[in-house]
Amino acid sequence: MSEYNIALIPGDGIGPEVVAQGVKVLEKLAQISTLNFNFQEFPLGADHYLSTGELISPETKQDLADFDALYLGAVGDPRVKPGVLEHGILLDLRFSFDMYINLRPVKLLMEKFTPLKDTSPEDIDMLVVRENTEGLYAGSGGFLKKDTPQEVAVQEMINTYHGVERVIRYAYEYAARKEGKLTLCDKCNVLEYAHDLWQRVYKKVGEDFPAVEQDHILVDAMTMKMVRNPEIFDVVVTCNMFGDIITDLGAEIQGGMGLAVSGNINPEGVSMFEPVHGSAPDIAGEGKANPTAALLAAAMMVEVLGHRKEAEKIEKAVNNALTAGKTTEDMGGRLSTSEAGDYICSILE
Ligand code: ATP
């Protein structure tokens with residue numbers, strides 16, 4: 001028996017509705033496996049912020065540090081200025097817990113979901129490993145002569161040996177487990193210092209993984225190949241900004257945000273799993289939210305906790321539900337959010 005304590009952060013809008021389906025499916029998984037999950041809910045998000053003025057307190061962060069994983073719905077609410085909740089909760093958690101890897105699978109489940117023609121599920125099955133704490137998003141820089149015609153704005157791209165090495169090593173380990181290929185995606189022909197470091201670390205760490213096939217692609221070529229030849233990619237490792245951009249392209253070629261999943265991983269600490277879509281306030285409370293991405297995020301959590309076979313059970317059930325048309329309206333089905341969750345539970349085996 002493996003027992004895990006999971007912190008739930010349902011958040012805003014449709015977040016609570018989709019997280020509730022994830023909990024249902026994980027409880028069903030516990031019945032048919034040797035896994036056991038204890039859940040505790042943390043009411044972070046717009047309501048909490050508006051009633052207390054607090055985004056996330058140091059005490060809450062201390063509590064969260066004791067959990068095996070965090071399972072998040074979505075944050076964002078029209079009553080709160082855009083960015084406040086996202087920065088104050090999501091980004092704060094990512095940095096506080098040093099979740100230095102962003103895992104974004106790009107997997108086509110059914111041919112009809114991709115806008116690419118003549119492309120089948122065998123063609124689109126890759127995993128993007130994005131550096132999550134450095135690069136251009138590290139928040140280093142400043143203004144000179146702000147608000148004058150001579151203004152200078154500098155945004156520095158931070159690449160530490162430590163930061164680059166740990167994400168590249170994680171990607172190699174993943175590729176080795178899959179017996180696959182690892183592609184380094186960068187812009188070494190222009191970013192001659194930052195991505196020279198990535199190149200050297202990629203080669204050096206690669207010496208520890210002789211069985212992993214190596215490949216390299218410039219980020220501009222990457223965007224073209226993801227559309228023309230997505231089948232050439234297996235595991236891809238890249239920096240923070242390029243990862244941000246290519247994973248949104250990846251979400252589209254796999255069928256849109258409703259299916260995209262994100263894991264913010266600290267392999268030595270606490271990791272957080274979430275659907276990529278936002279809080280969708282326009283449909284909140286109507287039972288229309290598609291829980292698929294939240295369920296696939298739960299599957300990724302189970303996999304990262306070390307149970308690939310059990311994760312596959314959730315993925316298989318999700319796939320079968322999509323094939324049978326047992327989905328919410330946005331995917332062409334007729335089920336409510338809760339009914340879609342119930343159906344997945346009923347076919348989980
Ligand atoms: P933010 O990302 O800032 O929280 P948002 O929730 O409006 O904002 P998206 O997640 O990009 O942004 O969603 C855009 C629209 O897509 C939503 O308004 C909603 O209509 C639809 N949508 C998003 N997620 C889902 C879902 N899980 N099920 C059904 N429709 C969805």
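This is a short tour of one chain, stop by stop, in a predicted model.

**Stop 1**

**Stop 2**

Turn to the contact between the two colours. Domain 1 brings 25 residues to the contact, and domain 2 brings 22 residues. Together the two domains bury about 2100 Å² between them. Of that area, 63% is on carbon and sulfur atoms.

**Stop 3: links across the contact**

Show the side chains of Arg 166 and Asp 98. They meet in a salt bridge, at 2.9 Å from N to O. Why can such a pair form? Side chains of opposite charge can pair when their charged atoms come close. Between domain 1 and domain 2 the count is one salt bridge. The count of residue pairs in polar contact between the domains is ten.

Next, colour the elements on the domain 1 side. Helix H4 (84-96), strand E12 (271-275), helix H9 (292-304) and helix H10 (308-323) each give two or more residues to the side that touches domain 2. H9 gives the most, with seven residues. Sorted by class, this side of domain 1 has 15 nonpolar, six polar and four charged residues.

**Stop 4: the ligand**

Centre the view on the ligand. The residues around the ligand include Ile 14, Val 75, His 277, Ala 289, Asn 290 and Asp 330.

- Gly 278: a polar backbone atom is 2.4 Å from an oxygen atom of the ligand.
- Ser 279: a backbone N or O atom lies 3.0 Å from an oxygen atom of the ligand.
- Asp 282: here a polar side-chain atom lies 2.7 Å from a ligand oxygen atom.

**Stop 5**

The structure holds 20 salt bridges. For one of them, select Asp 342 and Lys 24. Their closest N and O atoms are 2.8 Å apart. Where do the two residues sit? Asp 342 is in helix H11 (residues 337-347), and Lys 24 is in helix H1 (residues 15-31).

Methods:
Residues are numbered from 1 along each chain as its sequence is written. This is a predicted model: local features need pLDDT of at least 70, side-chain atom pairs count only at pLDDT 80 or more; totals for chains, interfaces and linings use all residues. Side-chain values use heavy atoms; hydrogens and water are left out. Contact means heavy atoms within 4.5 Å. Buried area is the accessible area (1.4 Å probe) that two parts lose on being put together, summed over both. A salt bridge is a side-chain nitrogen of Lys or Arg within 4 Å of a carboxyl oxygen of Asp or Glu. A polar contact is a pair of N or O atoms within 3.5 Å; within protein, one must be able to donate a hydrogen and the other to accept it, and residues adjacent in sequence count only if both atoms are side-chain atoms. Helices (H or I, at least four residues) and strands (E, at least two) are DSSP runs, numbered from the N terminus. Ala, Val, Leu, Ile, Met, Phe, Trp, Tyr, Cys and Pro count as nonpolar, Asp, Glu, Lys and Arg as charged, and the others, Gly among them, as polar. A residue is near a molecule or strand if one of its heavy atoms lies within 4 Å of it.
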